[in-house]
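Let's take a walk through this structure together. Have a look at the sequence and the fold first, and then we'll go through them piece by piece.

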Amino acid sequence: MFGFELHGWETMLIVSALVAAAAAIGVGLATYAVITLTREENSANSEALERYKADAALRTADATRGAAQANERAAELERQASELKKEAESAKAEAAKANERILEMKRMRRLEKPQAEALRDVFASSDFQTEPKVALRVGAVADAEAQMFAMEFQNLFASCGVNIYPTQGGAPNEVLQLAPTETGLIMSVKDPTKPHSAFAIVHRVLHAVGLPCGVDEDHSLGETEGMLVVMRKPG
């Protein structure tokens with residue numbers, strides 16, 4: 001048939017079968033290759049994905065750690081700023097107190113009218129007006145403010161008829177101050193344990209009118225002699 005003998009057709013059938021078998025084997029090999037390559041690609045993709053996840057997790061952890069450190073640093077800076085603010089406020093308050101003390105030291109002491117009137121009543125009493133009169137002199141350290149304050153006392157004493165003599169050329173007697181005092185006024189008498197009643201009254205009135213006064217012993221004074229000494233203004 002078609003020019004072929006039976007043997008020819010048998011040969012063609014065998015060849016066709018071999019070709020078909022070869023094709024089938026080729027298809028199988030190709031399929032195996034596709035499956036293998038697909039698995040390898042999937043494995044590679046999976047490994048890449050895992051590496052990406054691990055790297056992302058590491059970056060996230062670093063970012064979280066960095067954020068935590070930044071928050072700690074911010075909190076520390078805030079604490080330091082708060083402490084610096086407190087220190088600045090404290091320094092400001094101390095400076096204000098220091099300025100107030102300086103202004104107080106610069107402020108001249110004055111014998112106020114109510115104080116002068118209270119002393120005037122004492123000097124009008126028999127303790128100072130009975131003859132022979134007691135002598136109550138005024139002294140001051142070599143300081144302009146103290147000398148001016150002392151002069152106010154001396155003028156008051158003189159106007160009340162108090163024996164203020166002897167003076168230092170009409171000015172308060174100059175005295176030496178070796179140490180600061182808490183009061184700025186000292187009553188010097190011969191014996192502080194047994195002062196003349198007139199000096200004790202003056203001392204008491206000075207305290208009562210807001211002029212605290214210390215007491216000092218001076219053996220050069222007589223029993224009826226006293227001296228009100230104006231020291232430098234207490235700091």
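This is a predicted model: local features need pLDDT of at least 70, side-chain atom pairs count only at pLDDT 80 or more; totals for chains, interfaces and linings use all residues.

The protein has five helices and five strands. If you read along the sequence, they come in the pattern α-α-α-β-α-β-β-α-β-β. Of the 235 residues, 23% are buried. Now look at who touches whom: among contacts with a separation of 6 or more, 79% are between residues 24 or more positions apart.

Let's zoom in on helix α2, which runs over residues 113-123. Which of its residues are buried? They are Q115, A116, L119, V122 and F123.

The axes of α2 and α4 are 10 Å apart, and the two helices pack at an angle of about 40°. An angle counts as roughly parallel only under 35 degrees, and α2 is therefore oblique to α4. The crossing that α2 makes with α4 is right-handed. On the α2 side, the contact is made by A116, L119, R120 and F123, while α4 brings in F153, L156, F157 and S159. Sorted by class, that contact has six nonpolar residues, one polar and one charged.

Now for α5. Here the axes come within 10 Å of each other and cross at roughly 165°. Since angles over 145 degrees count as roughly antiparallel, α2 and α5 are roughly antiparallel to each other. This crossing is right-handed too. From α2, the residues involved are A118, L119, V122 and F123, and they meet I201, V202, V205 and L206 of α5. The contact of α2 with α5 has eight nonpolar residues, with no polar and no charged ones. Notice that L119 and F123 of α2 turn up in the contact with α4 and again in the one with α5.

Helix α4 spans residues 144-159, and Q154 is found in it. Is Q154 buried or exposed? With a relative accessible area of 3%, which is under the 20% cut-off, Q154 counts as buried. Leaving out residues up to four places away in sequence, Q154 touches V138, I164, T167, G170, A171 and P172.

R137 counts as buried because its relative accessibility is 10%. Its contacts, apart from neighbours within four places in sequence, include N163, I164, Y165, P166 and N173. Further along the chain, R137 also contacts L221, E225, G226, M227 and L228. If you click on I164, you'll see a link between the two residues: I164 is in contact with R137, and Q154 touches I164 as well.

Technical notes:
Residues are numbered from 1 along each chain as its sequence is written. Side-chain values use heavy atoms; hydrogens and water are left out. Buried means under 20% relative accessible area, exposed over 50%, partly exposed in between (1.4 Å probe, protein chains only). Contact means heavy atoms within 4.5 Å. Helices (H or I, at least four residues) and strands (E, at least two) are DSSP runs, numbered from the N terminus. Axes are lines fitted to C-alpha atoms, for helices over the stretch in contact, and angles run from 0 to 180 degrees between N-to-C directions. Angles under 35 degrees count as roughly parallel, over 145 as roughly antiparallel, 65 to 115 as roughly perpendicular and the rest as oblique. A crossing is left-handed if the near helix is turned anticlockwise from the far one by less than a right angle, and right-handed if clockwise. Ala, Val, Leu, Ile, Met, Phe, Trp, Tyr, Cys and Pro count as nonpolar, Asp, Glu, Lys and Arg as charged, and the others, Gly among them, as polar.
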